[in-house]
Amino acid sequence: MPDLSRQQRLRKLVQEVAGKSAPEDEQESLFESGLLDSFALPDLVSAIEKEFAIKVPDSDLNPRKFDSIARMDAYLADHM
Amino acid sequence: MSAYLHAFGAHLPERIVTNAELSERTGKTAEWIESASGIQERRWATPETSIAAMGVAAAESCLKTAGFPTNKIGMLIVASGSGSRGFPGPAAAIADRLCLLSAPAIDLPMASAGSLFGLALAMRLTETYGDILVVASEKMSPLCDTEPLDPNTAILFGDGAGAALVSSRPGRWRILDAALHTDGQYREDLAFDGSGALRMNGLTVILQASRKMPASIEEVLARQNLTAQQVTAFLLHQANLNLLTRVAKALNVGPEKVFANVQRYGNTSSASMLIAATEWAGTNPAKGPIVFSAFGAGFHWGALVADSAD
């Protein structure tokens, strides 16, 4: 279930890590749009862990899980 | 168990390939290449130069530094991910060129983490086999030589070889411990099939490496009751300057503690850690604990800690 408040928090994290706003379409790929690169992704995952007080296990370190606001929201919905 | 690191050696091809040269073939600017990787130039071997030839040159450099006679080597371990998938591997050719007539010569067909695994194996085997020469030799340039060049890989890799002498005889650094790991579920994310170009999913590689390298370093340091802050130098696989910076940050140490020469040689896969160690050791470094760590195709990763022996 999409959580608009959680998505806003994720957008804030993306803005902090990438220095740019996340696309309005929550389904849009953050990597294909060029917003995030391979070195920003570890920073984003660390920021998510801190913001939502969770530990993303190594087995979940799949870029697809963090490819868009919607996918990050879905991941958090399953793990919070 | 006692194992010591006595000396390191390296060999790099003469030809320097600058970012400006790659810019013409990748469509990326030289500035973009340096910003994405920290790499300013790399070395590419000539088509005639073999992995074995570079490995022999690094081995001879190491043995010369150690002042150790070649015919006393008890075992040879050769890491190379870019070596032929046929048999025998480059270990036999290097053993032959070093005139080793009966010492066992083992191939580790592993890329970036190969030299780390070689050192860890040598640490365990030296009491049985005596002085063990660990060689890592890579010719990565043909694996990236597509037309047009793939900017995701061609800007990163270079050719070269490194070597280390490990012995149960007391030497300059005593090896304290090593931790090795493999997670094969990511084996397709960084792979070379033996011909054609290598494949790399950079997002997955960097995401996993940025977590697993610091974790393995902390694992091995904790077992030795050491902290990252107590370490004199981190001698890591030179994958990408941005990754080295992130590992330092994750360990909460200054970037000056992480030796880096990736700017000049690019990512020479398994050879890079020993090439870095060779240059670092030549700087008359301060005494104290040193940490080796690598991450690469497999994924294989781990860390090894040593300390000054005197």
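Analyst: The account below treats the interface, and then a few features elsewhere.

This is a predicted model, in which local features need pLDDT of at least 70 and side-chain atom pairs count only at pLDDT 80 or more, while totals for chains, interfaces and linings use all residues. Residues are numbered from 1 along each chain as its sequence is written, chains are lettered from A and ligands numbered from 1 in the order in which they are written, and side-chain values use heavy atoms, with hydrogens and water left out.

At the interface, 18 residues of chain A are in contact with 15 residues of chain B (contact means heavy atoms within 4.5 Å). The two chains bury about 1400 Å² between them, with 61% of it on carbon and sulfur atoms; buried area is the accessible area (1.4 Å probe) that two parts lose on being put together, summed over both. On the side of chain A, the residues that lose the most area to chain B are A:Phe39, A:Asp58 and A:Leu61, together 47% of what that side buries.

A:Asp58 also forms a salt bridge with B:Lys212, and their closest N and O atoms are 3.5 Å apart. The rule (a side-chain nitrogen of Lys or Arg within 4 Å of a carboxyl oxygen of Asp or Glu) finds 3 salt bridges across this interface. By class, the side of chain A that touches chain B has 9 nonpolar, 4 polar and 5 charged residues. Here Ala, Val, Leu, Ile, Met, Phe, Trp, Tyr, Cys and Pro count as nonpolar, Asp, Glu, Lys and Arg as charged, and the others, Gly among them, as polar.

A helix pair spans the two chains: α2 (residues 40–52) of chain A packs with α8 (residues 202–223) of chain B at an angle of about 55 degrees, their axes 9 Å apart. Helices (H or I, at least four residues) are DSSP runs, numbered from the N terminus. Axes are lines fitted to C-alpha atoms, for helices over the stretch in contact, and angles run from 0 to 180 degrees between N-to-C directions. α2(A) and α8(B) are therefore oblique to each other, since angles under 35 degrees count as roughly parallel, over 145 as roughly antiparallel, 65 to 115 as roughly perpendicular and the rest as oblique. α2(A) contributes A:Leu41, A:Pro42, A:Val45, A:Ser46 and A:Glu49 to the contact, and α8(B) contributes B:Leu203, B:Ile206, B:Leu207, B:Ser210 and B:Arg211. This contact has 6 nonpolar, 2 polar and 2 charged residues.
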